Amino acid sequence: MTQNAENVLDHFELFRGPEYQQMLENKKKMFENPRDPAEVARVREWAKTEEYKELNFAREALTVNPAKACQPLGAVFVAVGFEGTIPFVHGSQGCVAYYRSHLSRHFKEPSSCVSSSMTEDAAVFGGLNNMIDGLANTYSLYKPKMIAVSTTCMAEVIGDDLNAFIKTAKEKESVPQEFDVPFAHTPAFVGSHVTGYDNALKGIIEHFWDGKAGTAEKLERKPNDSINFIGGFDGYTVGNMREVKRIFDMMGVNYTILGDNSDVFDTPTDGEFRMYDGGTTLEDAANAIHAKATISMQEYCTEKTLPFIKNHGHEVAAFNHPVGVASTDAFLMEVARLTGKEIPEELAKERGRLVDAIADSSAHIHGKKFAIYGDPDLCLGLTAFLLELGAEPTHVLATNGTKSWAAKVEALLASSPFGKDCHVYPGKDLWHMRSLLFTEPVDFLIGNTYGKYLERDTGTPLIRIGFPVFDRHHHHRRPVWGYQGGMNVLITILDKIFDEIDRNTNVPAKTDYSFDIIR
Amino acid sequence: MSSLSATIQDVFNEPGCGKNANKSEAERKKGCTKQLQPGGAAGGCAFDGAKIALQPLTDVAHLVHGPIACEGNSWDNRGAKSSGSQIWRTGFTTDINETDVVFGGEKRLFKSIREIIEKYDPPAVFVYQTCVPAMIGDDIDAVCKAAREKFGKPVIPVNAPGFVGPKNLGNKLAGEALLQHVIGTEEPEYTTPYDINIIGEYNLSGELWQIKPLLDELGIRILACISGDGRYKDVASSHRAKAAMMVCSKAMINVARKMEERYGIPFFEGSFYGIQDTSDALREISQLLVERGADPELLDRTEALISREEARAWAAIEPFKPRFKGKKVLLITGGVKSWSVLAALQEAGLELVGTSVKKSTKEDKERIKELMGQDAHMIEDMTPREMYKMLKDAKADIMLSGGRSQFVALKAAMPWLDINQERHHAYMGYAGMVKLLKEIEKALYNPVWKQVRKPAPWESEEETWQAKALAEAAAEEAALAANPVLAEQRRRDTAICRCKSVSAGAIEDAISAFDLKTVDEVREHTQASGGCTACIEKVEDILASMNRADPALSVAAE
C-alpha cells in the first residue's frame, strides 16, 4: 500500500511496503551499478581483519568519523553560562545554526545564539560592518546583559581583529561604551570544542579582571575565602552543576561557579519563554578575582584559563572529569583543603553507599573489557572509574586528545593491574575504533550517540556516556560527578550489562533456560 | 489434616536422617522443627521448602492455592534450569480473596485446575496447599482427587502449608507427595542396566548439565532427576532405576530411603562439588550399577574417564595456584556444601580458616574435621564484629557464603562469593570447580575490596566502626585476661543450647550435681539440646571432658 491519508505511515513502516521495496530494488539494479553481493560481503569481512586495521592506522590525511566538534561550539557553551548573555559568533551564519542544533538536540532545549552573518563581501573586505550591524541588532533585539563574541573560521582566515572591531562598533554606538562585550578567537582549524571552551572562558574572565579591553581599570585582587569552580565542556552540565552546588552547600563552601549553564539548558515549561535563565552574574564573574582558589573539573578544557587565573594569585587545582570513589575523594579532599571546610557525614554516607553498590555488583563488571572514546578529560575520568571497578579499559581513544594526554592515560593504566594490555589512541577517529573493535574485541563500548554505528557494525553494545547524546533523552539531567554521580554511571553500565545477559538468553525454547528474573 | 499430621510424623521418624538417629524417642516425636524464637529472623516455611523442591520439575504446572502472598513472593525465584518446557516458570495461583476465605476456596481451586488443563495441557498439575486454605479447611487432597477423575490427568496435592514447620520439613513433605502420588504410577518406555536416579539435585545454574555429559559418555542414563530439569513422566517411572544418588543429604533423604525400601533401589550419598567428590560419586554410581547387574567393564571405563577428566581439571587449576598462594578462605554456608566445597578449595591451594556448621549434620562436621584437622574453626553464629576481626587479623581474605549472609560480609568489609542457590554460575563437576576458582579469583582481586576496607580518606583509621569494635573487643579480652574469675564466669555464661538458652555453667553444674552420663540425661535436667539438637555434640564434649576431669573441680576445658 502506498501512503494513505486515512492512516499515514511514518518512514519506519512505509518503505517496508512491497511497492517501495520493489522500487528500491529496481533502482539498485538498473541505476546503481550494483556490485556482486559476494564481493561486497568479501570486502566487508576483509574490513574486519588485522590487515585492514594496519592500512586503516596508516592513514595520513583523511579523518573518518571524528569524535570531536569545533571551537565555537565550546565558546557558545561557555557564553550561555553567564547571566543574560547571548553568544555572538562572528563569521558565517551556517556554522552558528550547527551549534544551536547540536546543543538543542542534546539538551532538548532552545539554544539562543546569533551570528554576524558574514557573506562573500565580508570575506573580501573584512567583517567590520557585520560586527557593527550585528552587535547593534543583537543589542536592540534580544536585550542581553552581555554579548560574548567568538569567531568562526571564516573571520579567522581573513584575520578580523575582534578587539579593534568591537572598539569601533562601540564608537559607532552599536552598543553603549560600558556594555560588556568580551571576545575570544576560536578558529575551528585549531583544537576542538574543548579548546573553544577554554578560549571563550579566558576571554570573559580576562574582560572582567583585566580592565575590559583597556576601557576600565584592572581589578585589584583582595583575597577572600571563596573558591571558583569551572566545570569544563560537559554534556552532563545540568545534573553536574546542581550536584556540585549541593555538595558545596552541604560543606558550607563559599563559591562562584564560572559559566553555570545548568538553568539555561533546563528551563521549565510554565508558559514563560526564557531566552536567558540563571548563569553566573556579571558581578560575580568580576568578583571571582578575589577568590582564594579556582578549581577546574576538566584540565584539558582550561589549559589556558587556569594558568591565567593562577597568574592572578589564585591557588589552582585541575581534575580530569572525576568519576567514582577515589576520584571524587580527591576532588572533595582538595575542596576541603582549599576552603578549610570539613566533609560532612552525609557525604561520607553517600561515599559508603557507592562503595556498597560497587561491591554488590563487582562480580558482573569484573574483568569486562571496555572501549572508551570521548573528550580527553571524560576518557580519563571513565578510565579511572573502570579500573576502580575491576574492569579493563582496553581501548581509550580521543580524537582531540594530545600526546601529553596520552601519556597521562598511560600512567593511569599502568597504575592498576586491570590496565595491563590496555592502550590509548590520541588523535584517532571512530573509523580507527571500528578496526580496533574487530581485531581486539571488547565487551562494551562507551561513547556518544555516534557510537551506535559502531555498535551496529561490530555488535559491541554501546553504553551512551559523553557528548552529544541525541538519541536518548534527558541523560544530561543526571549528574555523573560526586558519589551520586558515580552511582548513576555505575547503574548505566550495569543496566547495559544485564540487558545484554537478557538479550543473550531470550530466545524461547532455545536460550531462555537462563532468562532469569534474578541477576 | 489428620493425614497431614500422620505424614509429618512419618517424616520425623525418617531413619535415614542422620540427625534423627541421634534423638530420643520423645524428641523424635516432637520433630525436627527447630523451635523458632518469636521475634527472631526466621528462614523459609514448609510451603517454600516444598515449592523449591518440586518447582524444578519443568513440564508440570505448579499451582499455588492461597492468597497472592505465597506465589507472589516465590514466583520464579529459583535459578534452576530447564532443557525443555518453561511452564514451571509460569506463576499459577488461585489468588483467593475474602469471599473465598469465608465460603471456602475449593471451587476456585477446582476451576483453576480445569483452566490450567484446558489452556496449557501439562502432563500434570501440582497443587500446593498454603496456610489460609489449610486453616479454613479446604481439602486439597479431595479436590485433586476429583480433578484427577474428572480430567483424567495427574493432579498432585502437595500438602505442606507454611505453619507446619520450616523449609526443610517442606522439602521432605514434597518428597512424600512424590512418593504417594507420582513415583511408580507410570512405566518407562524401556529400561537399561545403566538407569539411575539422581535425588535432591535441582540443576541450579544448569549444574546438572556439567555432569550429564560424563554420565552420557559412560552410557549411564539418568532415568529421573528429582527434581532438577525433571519431567513428570520420568519421575513417575523412576521406580525402575537400578541405583540412585542422593545429592543434598537433608532435603530428600526420605525419597531415597523409601525407594530403596519399596523398589529395592540402592542409593548412596554423594556430591559433585570438588574434583575428588565428583570422581568418588562417579565411582559409586558405577559400582552400584555393576552390583545390580551391569557389565563390570563399566568400572574400567569409569576409571579411564575419571583419570582423563581429573588430569584436565588439574591442568586448568594449575594457573590459579600462584594467585591463591597464601590466600585464606572463610566458608559460611549450609549443610552438605560445607565439606564438599572445602575439599575442592583445598585442591586449588587455598587455605581454609573456618567454616560454618549451622545446617550441617554431625557427619558433616566430622568430615570437616577430617579435612581441616581437629582445630578447624567451626563457626556456629558469627557476628559482623567477629567476621571483621577474622578479616583484620588476616585470618581470611575471602568469605564464601550463602546469598543471605553475603550482605553481612560486605558490611564487615570482606570479599565474598555466593555459593548458595542464588548464585549465577554452575560449580558442579570438574568444569564447575574451575569455574568456582575463577570466580574466587575475581572476588579476591577486585579492587573494590581495597576501597571497602579503607575508611574515607578524610577519616582517621581510629574513627571507623570497625576500629571501634576491634578496640572494644580488645578491651574486653584484656579485661578477661587480667581477671581469671571474670574469664571463668564468661566461659560459664557461654550459651551452649541457644534454643533453650542453657549455658555451659548450667550444664556443668547439672552434670556434677546429678552425676549425669548421657546427653539424654543432660536434656532431662537442663533442657539443653531439646530444641534444634545442633548442640548435642557440644554437650557430648562437655560430658567427655568432665568425666575425665576431677569431679571435685567443676572447671573443665571446653
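Analyst: A crossing of two helices

Helix 5 of chain A and helix 6 of chain A cross in a right-handed manner, a crossing being right-handed if the near helix is turned clockwise from the far one by less than a right angle, and left-handed if anticlockwise. This is a predicted model, in which local features need pLDDT of at least 70 and side-chain atom pairs count only at pLDDT 80 or more, while totals for chains, interfaces and linings use all residues. Residues are numbered from 1 along each chain as its sequence is written, and chains are lettered from A and ligands numbered from 1 in the order in which they are written. Helices (H or I, at least four residues) and strands (E, at least two) are DSSP runs, numbered from the N terminus.

Helix 5 (residues 71–79) of chain A packs against helix 6 of chain A at an angle of about 60°, with the axes 10 Å apart; axes are lines fitted to C-alpha atoms, for helices over the stretch in contact, and angles run from 0 to 180 degrees between N-to-C directions. The two helices of chain A are therefore oblique to each other, given that angles under 35 degrees count as roughly parallel, over 145 as roughly antiparallel, 65 to 115 as roughly perpendicular and the rest as oblique.

From helix 5 of chain A, Pro72(A), Leu73(A) and Val76(A) meet Cys95(A), Tyr99(A), His102(A) and Leu103(A) of helix 6 of chain A, where contact requires C-beta atoms, placed from the backbone, to lie within 7 Å. The residues of this contact divide into six nonpolar, one polar and no charged; Ala, Val, Leu, Ile, Met, Phe, Trp, Tyr, Cys and Pro count as nonpolar, Asp, Glu, Lys and Arg as charged, and the others, Gly among them, as polar.

His102(A), which lies in helix 6 (residues 93–107) of chain A, deserves a separate word. His102(A) is buried because 20 other C-beta atoms lie within 10 Å, the scale being buried at 20 or more other C-beta atoms within 10 Å of a residue's own, exposed at 12 or fewer, and partly exposed in between, with C-beta atoms placed from the backbone. Leaving aside neighbours within four places in sequence, His102(A) is in contact with Ala69(A), Leu73(A) and Pro468(A). Of these, Ala69(A) is 33 residues from His102(A) in sequence, yet 9.7 Å away in space, C-alpha to C-alpha.

Terms used
Contact = placed C-beta atoms within 7 Å.
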